[in-house]
Amino acid sequence: MKILVTDGMDKTALEQLKKNGHEVVEQFYAPQELGAALKDFDAVVVRSATKVRASHIDEAKGGRLKLIIRGGVGVDNIDVKYAEDNGITVKNTPRASSNSVAELAMGHMFSCARFLSVAGHTMREGKWEKKAYGKGIELGGKTLGIIGFGRIGQALGRMAKGVGMEVIAQDIFHVPGIEEQMGMKYVELDDLLERSDFISLHTPSLNGVKLICKENIDKMKDGVVFVNTSRGDNVNEDDLLEALNSGKVRAAGLDVYADEPATNAALYSHPNVSCTPHIGAATKEAQKRIGAEIVDIIENFGK
């Protein structure tokens, strides 16, 4: 196969594909150039930067394209149904990065609880603000509400249980036996919002629906900690900023934003925000697993 890799890929996996006899081209294309380029490739591998839309698929018609692979969990940057309706298979790597994203969410929870981000920043400014940041909270004994209880949510739940948190979850799908296995409970969204001391969001893009908005923030406990490592467009950033300023939300841990690169400086520079630039899956281990899964998809395609 002739394979286009637009957003980078683990070097070991790239070498394996070449060793297996495939022609691999690593090149990023601007949106207006992508569709025409896709005509010359049997498969394209993307991460989050490249978006494969219906217009690109239309431009690629009559060419070689028959497989799109998203190196990661979500596929909202691909018009999946349109691709499949036009005979193009869409695959992703849902298992590879779950642990890495869950660990980052856990890290943001600790950062928000103990002021790790802002306290470290002030020390680099030559300040010693022990009193200001000496009012942290423990995670143990607190209730974590996980919205979206797929692989990442479940991984985070196990980690949270390990530090003594009570875990509740909301999801439109209920995994059989998971409540007994993990010692947690599925609840309705309003119940989760009212009971949780920490809330972590792990849903796919909701097509413009702002799940975290003033109406739902008002239902949360005063002083709640909110973490988002899913999709930035699931959050009304103005409403979240207002809640941070009022103290309704004690702190927020954010890895994803409505615009990326992030443009809402008032939000990401807020002293009560622990922020990272969409690095949830960016660990060496996850990238190796993603690469291996992509190789497996390609080698088994059509069999």
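**Entry 1: ground rules**

I count a contact as heavy atoms within 4.5 Å. Helices (H or I, at least four residues) and strands (E, at least two) are DSSP runs that I number from the N terminus. I am working with a predicted model, where local features need pLDDT of at least 70 and side-chain atom pairs count only at pLDDT 80 or more, while totals for chains, interfaces and linings use all residues. Residues are numbered from 1 along each chain as its sequence is written, and side-chain values use heavy atoms, with hydrogens and water left out.

**Entry 2: helix H1**

I started with helix H1, residues 11–19, where Ala 13, Leu 14 and Leu 17 are buried. Buried means under 20% relative accessible area, exposed over 50%, and partly exposed in between (1.4 Å probe, protein chains only). Why do I find these three on the same side of H1? They cover an arc of only 105° around the axis, and that puts them there; the arc is that of the directions from the helix axis to the C-beta atoms. On the other side of H1, I noted Lys 11, Thr 12 and Lys 19 as exposed. What do the buried residues of H1 pack against? My list has strand S1 (2–5), strand S2 (23–26) and H13.

**Entry 3: Ser 97**

Next I looked up Ser 97, in the loop between strand S5 (89–92) and H5. Is Ser 97 buried or exposed? It is buried, with a relative accessible area of 1%. Leaving aside neighbours within four places in sequence, Ser 97 touches Val 73, Ala 281, Ala 286 and Ile 290.

**Entry 4: nonpolar cores**

In soluble globular proteins, nonpolar side chains tend to be buried together. I take a nonpolar core as a set of buried Ala, Val, Leu, Ile, Met, Phe, Trp, Tyr and Cys residues joined through side-chain atoms within 4.5 Å. The largest one here has 27 residues, and Met 109, Leu 144, Phe 149, Leu 156 and Phe 198 have the most contacts inside it. Elements giving two or more residues to this core include helix H5 (98–114), strand S6 (143–147) and helix H7 (151–162). H5 supplies the largest share of this core, 7 residues. Apart from this core I found another, of 25 residues, among them Leu 189, Leu 192, Val 224 and Phe 226.

I also checked Phe 149: beyond its neighbours within four places in sequence, its contacts include Gln 154, Ala 169, Val 175 and Tyr 186.

**Entry 5: cavities**

On a 1 Å grid over the protein atoms alone, a cavity is a set of points where a 1.4 Å probe fits but cannot get out, and a pocket is an open set with protein on both sides within 12 Å along at least five of seven lines; lining residues have an atom within 4 Å of a point. Grid points are joined across faces, edges and corners, and a volume is the space filled by probe spheres set on the points.

How many cavities of 30 Å³ or more does the structure hold? I count 2. The largest has about 50 Å³ of space, and its lining includes Met 9, Asp 10, Arg 47 and Ile 290. H13 gives the largest share of that lining, 4 residues. The second largest cavity has a volume of about 30 Å³, with Val 235, Glu 237 and Leu 254 among its lining residues.

**Entry 6: a pocket**

Last, I looked at the second largest pocket, about 170 Å³ in volume. Its lining includes Cys 112, Phe 115, Tyr 133 and Arg 250.
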